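Please look over the sequence and the model, then read on.

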Amino acid sequence: MATRGRPRAFDRDIALRQAMEVFWARGYEGTSISDLTTAIGINSPSLYAAFSCKEALFREAVELYGKIEGGTSERALTREPTARAAVEAMLRDNVSVYTETDTPPGCMVVLAATVSNPVNDGVRDFLADCRREFVDLLHRRLERGIADGDVPADADIAAMTEFYATVLHGLSIRARDGSSAATLTKVATAAMATWDALAS
């Protein structure tokens, strides 16, 4: 008599990666439980047993995204010898990541930001905190530039931080809308052309 094979073991790490890509492509509110169970290949009870709820799964997915993809900005801001070189590398490196063809375009944390249902205020605040962490990192790099002497001591680094953070987030949105790496690189070049005016 033929024997049935054992069911494939559930791999939580793989499931989390699959869920991350769904959230990345569709955002939090645009992703349904059905979308998640279909992508992962499990039923709803199994999903809840593994991850508790949609919001908990999303928070884990964002954490995974930060480890896999979100380190691009941090690496750029820490490896370059000057603040200007660091900001330029941050923009250019993220253009490359945002326009890769084997992952959803843009930044998951930026593109999931549109959360309008009040019941999801916790998710909205969580994402805002994630983005603030990046803005704080950028601000500290500019402060270091002042300490190192490659940014003028009287530069308005608060304004510079807001400008380059806004450019970076805009690059993510334009990547999602289909702008090419070549086009977005030109935007990054134009943004860096304003450095001296902003720093003066």
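Which helices do the buried residues of helix 10 pack against? They pack against helix 6 (83-98), helix 9 (157-176) and helix 11 (195-199). Keep in mind that this is a predicted model.

**Helix 10**

- Helix 10 covers residues 181-192, 12 residues in total.
- At 1.5 Å a residue, helix 10 should span 16 Å, and its end C-alpha atoms are 16 Å apart, so the two values agree.
- The buried residues of helix 10 are Leu-184, Ala-188, Ala-191 and Met-192.
- Seen down the helix axis, these buried residues fall within an arc of 95°, so they line one face of helix 10.
- An α-helix has 3.6 residues a turn, so residues three or four places apart point the same way.
- Ala-182 and Lys-186 are exposed on the other side of helix 10.

**Nonpolar core**

- The largest nonpolar core holds 60 residues.
- The members that touch the most others are Phe-23, Phe-58, Met-90, Leu-91, Met-108, Leu-127 and Trp-195.
- Beyond its neighbours within four places in sequence, Phe-58 is in contact with Phe-23, Tyr-28, Met-108, Ala-112, Val-123, Phe-126 and Leu-127.

**Cysteines**

- A disulfide is a covalent bond between the sulfur atoms of two cysteines.
- The structure holds 0 disulfides.
- For Cys-53, the closest cysteine sulfur is in Cys-130, 16 Å away, which is too far for a bond.
- Cys-130 is in no disulfide either; its nearest cysteine sulfur is that of Cys-107, 9.5 Å away.
- Cys-53 is partly exposed, at a relative accessible area of 29%.

**Asn-120**

- Asn-120 is found in the loop between helix 7 (108-111) and helix 8 (121-148).
- Setting aside neighbours within four places in sequence, Asn-120 is in contact with Tyr-28, Glu-29 and Val-115.
- Tyr-28 is also among the contacts of Phe-58.

**Arg-17**

- Arg-17 lies in helix 1, residues 12-26.
- Its relative accessibility is 31%, so Arg-17 counts as partly exposed.
- Arg-17 and Tyr-65 are 48 residues apart in sequence, with their C-alpha atoms 8.5 Å apart in space.
- Leaving out neighbours within four places in sequence, Arg-17 is in contact with Leu-64 and Ile-68.

Notes
Residues numbered from 1 in each chain as written. Predicted model: local features only at pLDDT ≥ 70, side-chain atom pairs only at ≥ 80, totals over all residues. Heavy atoms only, no water. Helix = DSSP H or I, 4+ residues; strand = E, 2+ residues; numbered from the N terminus. Buried < 20%, exposed > 50% of the residue type's maximum accessible area, 1.4 Å probe, protein only. Contact = heavy atoms within 4.5 Å. Disulfide = S-S within 2.5 Å. Core = buried A, V, L, I, M, F, W, Y, C linked by side-chain atoms within 4.5 Å. Expected span 1.5 Å × (residues − 1). Arc of directions from axis to C-beta.
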